[in-house]
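This report looks at the packing of one protein chain. It begins with a single residue and widens from there.

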Amino acid sequence: MPVVNVDYDELRELTGHDEKSADELERDLFDLGLEYEGETEDGDAKLELEPDRLDRLSVEGIARSLRYQYGDDRGVYVPNTNDATWTIEVEDVPPERPYVTGAVIRGVDLDEGTLDSLIQLQEKLHATMGRKRAKGAIGIHDLAMLKGETIADTVEGAAEKSIRYTGIAPDGDRFVPLDSDAEMTPGEVIAEHHIGETYADLVGEYESYPAIYDDIGLFSFPPVINGRRTEVTTDSRELFVEMTGTDQWTIDKMLNIVCYALDARGATIEEVAVEYPDRDLYAGDDSERVGPGASLVRPDLSTRTKAVAHGRIESMLGVDLDPDEVVDLLERSGLDADRQETDDGLVYETTIPPYRVDVLHPLDVIDDVGRAYGFNELSARYPDVGTVGGRHERSTLENAVRTQLVGLGFEDLLNFHLSSEAELFDRMRLDPAADPDAFGAAEPPRITTPYSEDYTVLRTWALPSLLMVLENNTHRAYPQDLAEIGLVASVDESANTGVDERRHVAGVLARHDVSYEDAKARLQALARNFDVELATPATEHPSFIEGRVATIVVDGDAVGVMGEIHPAVLVEHDLELPVVGFEFRLDALA
């Protein structure tokens with residue numbers, strides 16, 4: 001979950017509510033879904049927010065939501081924009097990163113607080129929507145330090161300026177990157193510069209690197225680093241914001257969020273023309289194809305609509321609402337609503353502002369209505385069904401096994417079901433292509449559009465999750481005996497959903513004198529308590545030490561693996577003492 005650092009004094013100033021105490025602000029923020037998580041060393045509040053509300057990744061966005069909650073602002077707000085005087089010309093860009101967008105910001109007062117907030121918003125968008133800069137990266141420049149090439153005259157003879165987004169050879173033109181005093185080529189940046197080394201993997205395989213030029217020369221090497229010449233300081237009053245990425249929609253929405261934040265600081269937004277001379281592309285949220293020779297005007301501050309039925313709102317929230325009240329709640333959520341009578345009853349045609357990237361379904365609109373109404377105001381009631389609830393057999397078994405594991409000295413855990421192939425395979429010395437029959441080597445279900453590179457697949461086995469916990473617990477005392485009963489999954493074309501989901505039991509024991517026999521003793525105790533027959537024939541598995549690993553066989557069926565974790569796996573997880581582990585299917589004990 002994203003965490004944003006917020007100065008409460010700044011928040012009071014931006015909301016216009018100086019009378020609010022810290023406790024009152026925290027209660028109001030909690031109603032919006034933001035939780036107080038303590039303070040930074042500088043005394044700023046750390047606020048954890050829902051990962052879908054990326055418009056709240058800055059103090060400006062949070063203040064906007066509070067003003068709507070207080071009723072100070074209502075309905076959709078779209079900033080005014082001035083006509084474009086700058087153009088981004090796109091030519092010969094790397095095919096891996098073909099898209100660009102931008103805006104000019106004028107009249108912004110960048111004091112220390114505003115600049116810190118802008119930098120934080122930039123980095124939070126990089127980490128979330130930008131997928132650590134892989135999908136979208138933001139460059140913010142001091143416009144006064146740019147010299148645009150004068151291109152064709154526009155209406156009434158006004159001269160237009162341009163910059164160029166193109167490709168460059170790794171050993172091409174030199175520039176001085178941020179945090180450096182020396183001129184460097186892009187190849188030298190990713191090899192020698194500390195920021196370049198961090199993001200080298202994003203462009204390392206490209207034949208040519210992304211680059212942005214003005215009339216003076218190279219000033220930006222996206223998505224790695226900006227040039228020092230255009231560095232933004234508190235003296236900057238006009239900014240050029242450019243964003244490059246693998247998807248036009250993503251960088252356009254990131255740009256909208258930045259523009260709204262700067263608009264809240266009193267800045268004026270000026271459009272930028274983006275010229276794609278030789279490529280078809282999709283523009284905006286629809287499927288309208290423009291190009292070749294496409295010209296886009298950005299930022300794209302067009303609104304969208306979602307139709308939501310009155311009956312569905314009442315059904316989902318469990319309250320009776322007057323239509324006027326629904327419109328009021330929608331407007332207090334920053335939306336607009338147009339009532340329409342249809343054959344199916346009353347429907348609200350809601351207008352979604354440009355910065356709301358989270359509204360994908362009518363249920364998202366209903367969630368806004370519920371928050372504006374106040375979820376604490378909803379009354380609990382019994383559902384209109386005639387059945388009596390009870391525990392599922394699997395749940396009963398799971399609770400029984402969990403109780404036994406705790407009795408055997410394990411600490412019960414609940415880990416994320418999402419993981420990455422690096423965690424499941426690479427760090428465990430497991431190569432599914434070379435050893436597809438090894439326990440845990442199944443093909444994982446992949447997330448089509450993951451928010452983070454750390455969570456791209458559903459895990460195929462649970463032991464890697466437990467080793468990650470040990471890795472994060474090296475500062476704690478030993479012994480550490482950890483266990484989990486959790487979901488694992490693998491691709492299975494024969495299943496209705498295409499995915500085989502199972503519950504696994506996994507455990508690790510970490511201590512200086514632990515051995516294979518310690519894990520086997522605990523498995524034998526489990527087998528006795530559940531009246532099943534356990535066998536442990538020797539096997540091979542790359543995650544375990546050869547000769548100290550066995551297949552877990554329950555009532556004649558191979559259901560898991562156990563053994564001493566391989567030293568290379570321990571080193572990969574920064575563990576300096578022996579670990580034994582086991583994992584098997586939960587239903588084996590039924």
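The model is predicted. Start at Leu239. Setting aside neighbours within four places in sequence, Leu239 is in contact with Ala103, Val104, Ile105, Val108, Leu110, Leu118, Ile140, His141, Leu143, Val232 and Leu262.

The largest nonpolar core holds 67 residues. Those with the most contacts inside this core are Leu11, Ile105, Leu239 and Phe240. Helix α8, residues 248-263, contributes the most to the core, with 9 residues. A second core is separate and has 29 residues, including Phe425, Ala441, Val488 and Val508. In soluble globular proteins, nonpolar side chains tend to be buried together.

Is strand β9 enclosed or open? All 5 of the 5 residues in β9 (residues 209-213) are buried, so the strand is largely enclosed by the rest of the structure. The cover extends to both faces. Tyr209, Ala211 and Tyr213 lie on one side, Pro210 and Ile212 on the other, and all are buried. In a regular strand the side chains alternate between the two faces of the sheet.

β9 pairs with β8 and with β10, as the table sets out.

| Strand paired with β9 | Residues | Sense | Bridges |
|---|---|---|---|
| β8 | 160-168 | antiparallel | 5 |
| β10 | 218-221 | antiparallel | 2 |

Tyr213 in β9 has Arg164 opposite. Ile212 has Ser220 of β10 opposite. β9 and β10 form a hairpin, with 4 residues between the strands. In this hairpin Gly217 takes a positive phi near 155 degrees.

**The whole protein**

Now the wider view. The protein has 16 helices and 28 strands. Its C-alpha trace spans about 90 × 65 × 50 Å along the principal axes. Of its 590 residues, 51% count as buried.

The accessible surface of the protein comes to about 27,700 Å². Carbon and sulfur atoms account for 45% of that surface.

The protein has 52 positive and 122 negative side chains. The centres of the two sets lie 3 Å apart.

Terms used
Residues numbered from 1 in each chain as written. Predicted model: local features only at pLDDT ≥ 70, side-chain atom pairs only at ≥ 80, totals over all residues. Heavy atoms only, no water. Core = buried A, V, L, I, M, F, W, Y, C linked by side-chain atoms within 4.5 Å. Buried < 20%, exposed > 50% of the residue type's maximum accessible area, 1.4 Å probe, protein only. Contact = heavy atoms within 4.5 Å. Areas by Shrake-Rupley, 256 points an atom, 1.4 Å probe, with all protein chains shown as cover. Lys, Arg positive; Asp, Glu negative; His and termini not counted. Charge placed at Lys NZ, Arg CZ, Asp CG, Glu CD. Pairing = 2+ DSSP bridges.
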